[in-house]
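Hi there,

Here is the structure I promised to pass on. Have a look at it first, and my notes follow below.

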Amino acid sequence: MASNASTFHAWPRLPNELTLLVLEHLLSFPTAITSKKHSCFIRLRLLPLLLAGNKPLAQLAKDTYYRRNTFRILLREDERRRRLAGRVAGRIAGHIRALEIVMEPEGCLRWDPAWARDFRNVKTLEVIWAVPNKYGADKSFWRTVVIKQEGIILEAVASLGVAKVGMRVDCQGCLLLLEEHEGEECGCARRFEMKIMEAVETS
């Protein structure tokens with residue numbers, strides 16, 4: 001259907017409810033959209049509708065795409081420029097309603113509030129802390145990173161000003177590298193998530 005969207009001439013005759021259902025089927029995706037996926041989906045799915053010569057349809061298609069999907073951004077610090085890489089163009093960021101931010105501990109050791117200014121309409125935010133396997137690292141240094149990252153995550157959430165927030169830690173083994181937790185079910189990552197969420201709720 002994507003390839004024929006611009007040549008389908010019956011759009012004006014469809015009831016609004018049916019038009020919306022068709023667009024939601026065409027422009028909704030089950031997993032979060034990364035920058036690479038976004039470029040692909042724009043080219044293959046959204047652009048034909050935007051160029052169909054039907055302005056109301058184009059606007060509805062654009063609204064549907066940004067309203068029905070979650071967008072994922074990987075944040076890492078650009079050491080060469082000392083800024084956060086992963087910036088999204090303002091004309092795109094302003095349309096996003098649901099946002100996932102993936103933060104890597106070694107690549108995002110500070111937060112720049114200016115980065116979030118373009119995200120004016122985000123309603124739901126999921127922060128994913130992607131933790132690599134750190135069993136070979138210096139334990140005291142790594143625990144310092146964990147403590148510092150807590151403040152960075154809270155600063156990020158506060159600067160985005162989103163009411164509905166989720167937090168997830170993706171890690172292998174114990175988050176704090178506690179030897180007594182090796183080989184057993186460890187709740188350190190879940191406790192870190194809960195600590196962040198409690199801080200968000202009370203802020």
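Which residues form one aromatic cluster? They are Tyr65, Tyr66 and Phe71. Please keep in mind that this is a predicted model.

Helix H1 (residues 16-27) and helix H3 (residues 55-68) have axes that come within 9 Å and cross at roughly 50°. The two helices are therefore oblique to each other, and H1 passes H3 in a right-handed crossing. On the H1 side, the contact is made by Thr19, Leu20, Leu23, Glu24 and Leu27. H3 contributes Leu57, Leu60, Ala61, Thr64, Tyr65, Arg67 and Arg68. Sorted by class, this contact of H1 with H3 has seven nonpolar, two polar and three charged residues.

Now back to the aromatic rings. A search of the whole structure finds six aromatic pairs, and I picked out two for you.

One is Phe29 with Phe41, a stacked pair at 3.7 Å centre to centre and 0° between the planes. Phe29 sits in the loop between H1 and helix H2 (35-50), while Phe41 is in helix H2 itself, so to speak twelve residues apart and linking distant parts of the chain. Phe29 and Phe41 are buried.

The other is Trp129 with Phe192, also stacked, with 5.0 Å centre to centre and 25° between the planes. This pair links distant parts of the chain too: Trp129 lies in strand E4 (residues 124-130) and Phe192 in helix H6 (residues 188-202), 63 residues apart. Both Trp129 and Phe192 are buried.

Technical notes:
Residues are numbered from 1 along each chain as its sequence is written. This is a predicted model: local features need pLDDT of at least 70, side-chain atom pairs count only at pLDDT 80 or more; totals for chains, interfaces and linings use all residues. Side-chain values use heavy atoms; hydrogens and water are left out. Axes are lines fitted to C-alpha atoms, for helices over the stretch in contact, and angles run from 0 to 180 degrees between N-to-C directions. Helices (H or I, at least four residues) and strands (E, at least two) are DSSP runs, numbered from the N terminus. Angles under 35 degrees count as roughly parallel, over 145 as roughly antiparallel, 65 to 115 as roughly perpendicular and the rest as oblique. A crossing is left-handed if the near helix is turned anticlockwise from the far one by less than a right angle, and right-handed if clockwise. Contact means heavy atoms within 4.5 Å. Ala, Val, Leu, Ile, Met, Phe, Trp, Tyr, Cys and Pro count as nonpolar, Asp, Glu, Lys and Arg as charged, and the others, Gly among them, as polar. Rings of Phe, Tyr and Trp (its six-membered ring) pair if their centres lie within 6.5 Å; planes under 30 degrees apart count as stacked, over 60 as edge-to-face and the rest as tilted. Buried means under 20% relative accessible area, exposed over 50%, partly exposed in between (1.4 Å probe, protein chains only).
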